[in-house]
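Biologist: I would like to go through the pockets and packing of this protein with you. Please put the structure up first.

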Amino acid sequence: MGQTIRFGVSLDSDLLEKFDHLCEERCYQTRSEAIRDLIRNTLVEEEWKDDSREIAGTLTLVYDHHKSDLSQKLVEIQHDHHDVIITSMHVHLDHHNCLEVLVLKGDGNEVRTLAQKLTSTKGVKHGKLSLATTGQDLV
């Protein structure tokens, strides 16, 4: 970790008031920690734009397992991309609906391709990719 450097920021009073309110809502102890978090989030979002860069994330799927061959199709796609899937969790929401969460890690293109294949599979009711970072370049 590098040396801590102090710097000043000039803000309109109305913007600062809204920022302070946000800090309070999100339980930040200081403005500095909130600013550090905003900077980290922006840097992580920049990582996602580079398809060749390794990223991590979760893919959440909701589907009716009674749909014809849907479960089998999803498993086949997952097996084709086993190197990107770290782990998965399958939950029975009710008699028909299942929720599946996949933890993914790989280059951006592979992760997004897998997520698109799974969420666009006929019969999947909802799919959501939430990207994160491996944290290697963050301090």
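Biologist: Which residues lie nearest the centre of the largest pocket?

Modeller: Bear in mind that this is a predicted model. The lining of the largest pocket has 23 residues. Nearest its centre lie Ile5, Phe7, Ser32, Ile35 and Arg36.

Biologist: Which element gives the most to the lining of the largest pocket?

Modeller: Two elements give two or more residues to this lining, α1 (13–25) and α2 (31–49). With eight residues, the top contributor is α2.

Biologist: How many cavities of 30 Å³ or more does a search of the whole structure find, and which element gives the largest share of the lining of the largest cavity?

Modeller: The search finds one cavity of 30 Å³ or more. The largest cavity holds about 30 Å³ of space. Its lining consists of Phe19, Leu22, Cys23, Arg26, Tyr28, Ala34 and Leu38, with at least two residues each from α1 and α2. The largest share, three residues, is from α1.

Biologist: What is the class make-up of the lining of the largest cavity?

Modeller: Arg26 is one of the lining residues, and Arg counts as charged. By class, the lining has no polar residues, one charged and six nonpolar.

Biologist: Why do the buried residues of α3 line one face of the helix?

Modeller: Helix α3 (residues 70–80) buries Leu70, Leu74, Ile77 and Gln78. Viewed down the axis of α3, these buried residues fall within an arc of 100°, so they line one face. On the other side, the exposed residues are His79 and Asp80.

Biologist: What covers the buried residues of α3?

Modeller: Contact here means heavy atoms within 4.5 Å. The cover includes one helix, α4 (108–119). It also includes the strands β1 (54–64), β2 (85–92), β3 (97–107) and β4 (124–132).

Biologist: Which residues have the most contacts inside the largest nonpolar core?

Modeller: In soluble globular proteins, nonpolar side chains tend to be buried together. The largest nonpolar core here has 17 residues, with at least two each from β1, α3, β3 and α4. Those with the most contacts inside it are Leu59, Leu104, Leu114 and Leu118.

Biologist: What does Leu59 touch, leaving out residues up to four places away in sequence?

Modeller: Two of the core residues with the most contacts, Leu104 and Leu118, are among its partners.

Notes
Residues are numbered from 1 along each chain as its sequence is written. This is a predicted model: local features need pLDDT of at least 70, side-chain atom pairs count only at pLDDT 80 or more; totals for chains, interfaces and linings use all residues. Side-chain values use heavy atoms; hydrogens and water are left out. Buried means under 20% relative accessible area, exposed over 50%, partly exposed in between (1.4 Å probe, protein chains only). Helices (H or I, at least four residues) and strands (E, at least two) are DSSP runs, numbered from the N terminus. The arc is that of the directions from the helix axis to the C-beta atoms. On a 1 Å grid over the protein atoms alone, a cavity is a set of points where a 1.4 Å probe fits but cannot get out, and a pocket is an open set with protein on both sides within 12 Å along at least five of seven lines; lining residues have an atom within 4 Å of a point. A nonpolar core is a set of buried Ala, Val, Leu, Ile, Met, Phe, Trp, Tyr and Cys residues joined through side-chain atoms within 4.5 Å. Grid points are joined across faces, edges and corners, and a volume is the space filled by probe spheres set on the points.
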